[in-house]
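Subject: Structure handover, salt bridges

Hello,

Here is the structure you asked for, with the sequence. My notes on its charged pairs follow below.

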Amino acid sequence: MPLVSTNRLHKFFGTNHVLRGIKLDVEEGEVVTIVGRSGSGKSTLLRTLNGLESIDDGVIEVDGATLEVDRADASALRNLRQKVGMVFQQFNLFPHLSAGQNVMLAPQVVKRTPKKEAEEIARRMLERVGLAEKFDAFPDQLSGGQQQRVAIARALAMSPRVLLCDEITSALDPELVNEVLGVVRQLAGEGMTLIMVTHEMRFAREVSDKLVFMHEGKIHESGHPQAMFAKPATAEFASFIGSLN
Amino acid sequence: MAYHFDFTFVPDYAGMLAQGVAYTLGLTVVGGTLGILIGIGGAVSRTWNVRPFGPLYGYYVELFRNTPFLVQLFLIFFGLPSLGIKLAEWQAAILAMVLNLGAYSTEIIRAGLQATPRGQVEAADSLAFTRWQVFLHVMLRPALRKVWPALSSQVVITMLGSSVCSQISAEELTFVANFIQSRNFRAFETYFLTTAMYFGLALLVRQAMHAIGRHLIVRRPSR
Amino acid sequence: MMTFSLWDIVRNLLIGGALTLLLSLVAFALGGATGLLVLFARIGKWRAPRALAQMHIELFQGTPLLLQLFTLFFGLSLFGLDVPAWLAAGLGLTLFTSAFLAEIWRGCVEAVPRGQWEASACLAMTYWEQMRHVILPQAMRLSIAPTVGFAVQVVKGTAVTSIIGFAELTKTGSMIANATFQPFLVYSLVALGYFILCYPLSRYAQALERSFHAAR
Ligand SMILES: Nc1ncnc2c1ncn2[C@@H]1O[C@H](COP(=O)(O)OP(=O)(O)OP(=O)(O)O)[C@@H](O)[C@H]1O
Ligand SMILES: [Mg+2]
């Protein structure tokens, strides 16, 4: 049984039919990379997976928690979101909290973890992303790469079953990209289930078990990245690769 | 608890109410126009520290923004005669409104002027505009455009504040309401109705300011 | 006829000034508390409270304070309540203050970037958890300067309650001016009293505003 599975997923923004019947299965421990042109619906797909965007048809199932149209009540959503972590392009750290507090907040508030224990978790998670010494630093005292790593630690502190990453290196200066990719690579190595959108094709080829090419709201082509790059099955994917270099 | 609301007095006093509305609107139009003009003068003097106006405007702004309009009104109407300056009610009311709004609009417009990028001025300088044209089209218009919503709100606030001019017997809308309720003993209905009329006036003034803003300010200078 | 020394005038004005200060504090505290309720109704998910809150805000921002006081004063007396001036003044100013503060604070809540809502939602926080731990702390920092700035408006607003007979600074001033036939002197002193209360607040608000922008 897949850890994440969506079926017949449809999403409209007004009359704009953005997701047109997405069927996607992600196994436990799998690293899936979604690529495609701007506006093809990559972010929207990712955001439906934790209920940031409502869906207009279909179902989403994550580790037994289901989300259906019209039946997204608050507790189902809360249940789902505890299993799905997310990291954003713009970091979105809480500016009024230190790095450590950013990581501690959700375990304390949502899971009612005692403060001491939450602090231990936070220290462990910050260590995992290589920022153990930045526990007391505030977001505006950190570089972009460091902020993004804190954001990853913050998501990990909730022990999600799957982590969603939407272009998490796109807002970074080039010299800071690698420190973040390094953390992601390490997570993949540890067996974390990852679904990410990225423009770092070399990285995607290296770490992904599965590549998904989205085109006009559909999964146009998917498979093993090496194989897909070696021999694109569709003209659209071939031209997409072509446009990359 | 068997109170019956009675608005039957309205037709008898419709003419008076209309006069009150006209008076209030008159105060607002004159006060608004002159107040904004003073504000422009003040903002310019303050921004470029034109002596002696800049510092003087500074005192004026702080004095008028940190004291109640009602006290300003009393000082002008009741206080100035001791200095030999005797003003009619309507003159005192208008003077108080102009000075009050002038102080606020000075600060509002100044903020707009400060937000105008210097590069624009230099660009215009190099296009050989006269200084006056540069000021008007490159500094003032964009500044006013930027702060017009804030200025509009201030005009509405000033209009609503003018209701205390009834206290010096300026015959504006609240004065009329006071008069009516002293005759018909229907104080609640009278004040309720008058409050509703002010609400309508506020909408009207806001719309008017919006329209003025569109026509005078937003249109780009023709080149 | 009584004669007034300057000290007599000042002493009486000081008593009026104390009442002005007291009324300002009460209106600001109660208005702040009420304003918080209005704020939550205004930005909440439920339609009816949202509409009510918006009506409250537009009504009290869109009509003169003086008429709010009159309507309240005479409206309450319709219920057979004999409303003392201090009560009408306190109640009226509280409602007035609540509307303005709710609107100021709404602006601050909405100025918190959407990403903050999304990030906290992704961490499975409920609406109130997001509010309490993520949104309000940030909105609060934004709101300090405009809130202090509005306190000046509250102090000045108290002058209007003199018209319904509350013996604060302006009313005291009017009575003394009538008794002493020295309106210029007395009203100047009254204005000075308000200035002493308001000017430090204004400066403080400006300083907060500046330090906030500098910190960004
Ligand atoms: N909140 C929204 N409201 C309306 N339309 C939206 C919204 N978010 C996305 N869209 C539209 O949905 C479509 C898909 O957007 P999406 O952000 O999913 O694309 P994307 O593949 O992530 O693109 P990019 O590579 O630029 O990030 C676009 O046409 C976009 O304009
Ligand atoms: Mg995107």
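Is Asp63(A) buried, exposed or partly exposed? Its relative accessible area is 28%, so Asp63(A) is partly exposed. Please keep in mind that this is a predicted model.

Asp63(A) pairs with Arg161(A) in a salt bridge, with 2.9 Å from N to O. Asp63(A) sits in the loop between strands S4 (57–62) and S5 (65–68) of chain A, and Arg161(A) in the loop between helix H5 (144–156) and strand S7 (162–166), so the bridge ties together parts that are 98 residues apart in sequence. Arg161(A) is also partly exposed, at 28% relative accessibility. Both residues belong to a network of salt bridges that also links Glu28(A) and Lys83(A).

A second pair in chain A is Glu179(A) with Arg149(A), joined by a salt bridge of 2.4 Å, N to O. This one links distant parts of the chain, 30 residues apart: Glu179(A) is in helix H6 (residues 174–189) and Arg149(A) in helix H5. Glu179(A) is partly exposed at 27% relative accessibility. Arg149(A) has 11%, and because the cut-off for buried is under 20%, Arg149(A) counts as buried.

In chain B, Glu189(B) forms a salt bridge with Arg186(B), and their closest N and O atoms are 3.3 Å apart. Glu189(B) is buried, with a relative accessible area of 0%, whereas Arg186(B) is partly exposed at 23%.

Over all chains, the structure holds 21 salt bridges; the pairs above are among them.

Regards

How values were computed. Residues are numbered from 1 along each chain as its sequence is written. Chains are lettered from A and ligands numbered from 1 in the order in which they are written. This is a predicted model: local features need pLDDT of at least 70, side-chain atom pairs count only at pLDDT 80 or more; totals for chains, interfaces and linings use all residues. Side-chain values use heavy atoms; hydrogens and water are left out. A salt bridge is a side-chain nitrogen of Lys or Arg within 4 Å of a carboxyl oxygen of Asp or Glu. Helices (H or I, at least four residues) and strands (E, at least two) are DSSP runs, numbered from the N terminus. Buried means under 20% relative accessible area, exposed over 50%, partly exposed in between (1.4 Å probe, protein chains only).
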